[in-house]
Amino acid sequence: MSKPLPYVFALTLTFSAASIALAADQEAGKRKAEAVCAACHGVDGNSSEPANPKLAGMDQEYLMRQLKAFAEGKRRDDTMSAIIASLDSGDFAKLATYYGSQKPTPGTVRDPQLAAKGRALFEDGNTDSGVPACAGCHQSDGKGNARFPRLAGQHQAYVLKQLADYKSGRRATDPLMTTVGKRLSTEEARALAEYIAGL
């Protein structure tokens with residue numbers, strides 16, 4: 001049974017308005033990214049600096065939560081804390097929409113043998129030490145979702161820093177990752193970071 005014409009027209013207007021709003025948020029997010037974020041994360045979210053994360057293609061809901069975590073002090077970073085303080089909370093959604101819509105670039109594996117060890121951990125975990133498989137939360141391709149971040153192609157140095165921050169308690173955004181950070185050996189963390197870079 002076909003829908004009445006006024007219903008179809010109203011639905012079309014709703015979708016059009018949503019598309020316009022999304023495009024406006026992306027444009028506003030791009031302007032804010034260029035002005036505030038590009039020096040560290042790149043205009044398109046593909047940071048060339050190993051210590052700074054790639055944001056391109058990250059789930060928008062996840063990005064929003066992380067910006068709020070910095071604002072609330074649950075994540076700590078001297079540079080980010082200063083930048084967050086300069087932003088309006090309304091900027092968070094615009095930045096998340098913009099960076100989430102960008103195409104991520106692949107990372108580079110420097111040590112294939114180490115990456116092979118990381119793959120085993122990523123896919124199967126370590127039952128002896130109680131480290132779960134990363135793929136269980138971050139997906140088998142490392143692309144993540146609204147709850148867990150995209151890891152695929154992320155810089156090795158950044159991944160290692162985050163694992164160390166979870167281990168020390170400096171990053172307190174996820175109790176499971178705090179446990180994982182504490183249980184991973186230094187060599188396992190290096191192997192994981194190497195494998196993740198090549199996803």
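Start by selecting Tyr98 and Gln102: the backbone oxygen of Tyr98 lies 3.3 Å from a polar atom of the side chain of Gln102. This is a polar contact, meaning a pair of N or O atoms within 3.5 Å; within protein, one must be able to donate a hydrogen and the other to accept it, and residues adjacent in sequence count only if both atoms are side-chain atoms.

Before you go on, note that this is a predicted model, in which local features need pLDDT of at least 70 and side-chain atom pairs count only at pLDDT 80 or more, while totals for chains, interfaces and linings use all residues. Residues are numbered from 1 along each chain as its sequence is written, and side-chain values use heavy atoms, with hydrogens and water left out.

**Stop 1: around Gln102**

Stay on Gln102, which lies in the loop between α4 (89-100) and α5. Helices (H or I, at least four residues) and strands (E, at least two) are DSSP runs, numbered from the N terminus. Leaving out residues up to four places away in sequence, Gln102 touches Asp44, Ala56 and Gly57; contact means heavy atoms within 4.5 Å.

**Stop 2: a pair of rings**

Now select Tyr98 with Tyr99. Both Tyr98 and Tyr99 are buried, where buried means under 20% relative accessible area, exposed over 50%, and partly exposed in between (1.4 Å probe, protein chains only). How many aromatic pairs does a search of the whole structure find? It finds two aromatic pairs. In the pair of Tyr98 and Tyr99, the ring centres are 5.3 Å apart and the planes are at 55°, so the pair is tilted. Rings of Phe, Tyr and Trp (its six-membered ring) pair if their centres lie within 6.5 Å; planes under 30 degrees apart count as stacked, over 60 as edge-to-face and the rest as tilted.

**Stop 3: the cores**

Next, select Phe122, Leu163, Leu184 and Leu192. In the largest nonpolar core, which has 18 residues, these four touch the most other members. Such a core is a set of buried Ala, Val, Leu, Ile, Met, Phe, Trp, Tyr and Cys residues joined through side-chain atoms within 4.5 Å. Colour α5 (112-124), α7 (156-168), α8 (175-183) and α9 (186-197), the elements that give two or more residues to this core. Of these, α9 gives the most to the core, with five residues. A second, separate core has 16 residues, including Phe70, Ile84, Leu95 and Tyr99.

**Stop 4: helix α8**

Zoom in on α8. At its start, a side-chain oxygen of Asp174 reaches to within 2.9 Å of the backbone nitrogen of Leu176. Which residues of α8 are buried? They are Met177, Thr178, Val180 and Gly181. Look down the axis of α8: its buried residues fall within an arc of 165°, so they line one face of the helix. That arc is the one spanned by the directions from the helix axis to the C-beta atoms. The buried residues of α8 pack against α7, while Pro175 and Lys182 are exposed on the other side of α8.

**Stop 5: Gly181 and Leu163**

Pick out Gly181, which counts as buried at 3% relative accessibility. Gly181 and Leu163 are 18 residues apart in sequence, and their C-alpha atoms are 5.3 Å apart in space. Not counting residues up to four places away in sequence, Gly181 touches Leu163, Tyr166 and Lys167.

**Last stop: the whole chain**

Zoom out to see nine helices and zero strands in the chain. Buried residues make up 40% of its 199 residues.
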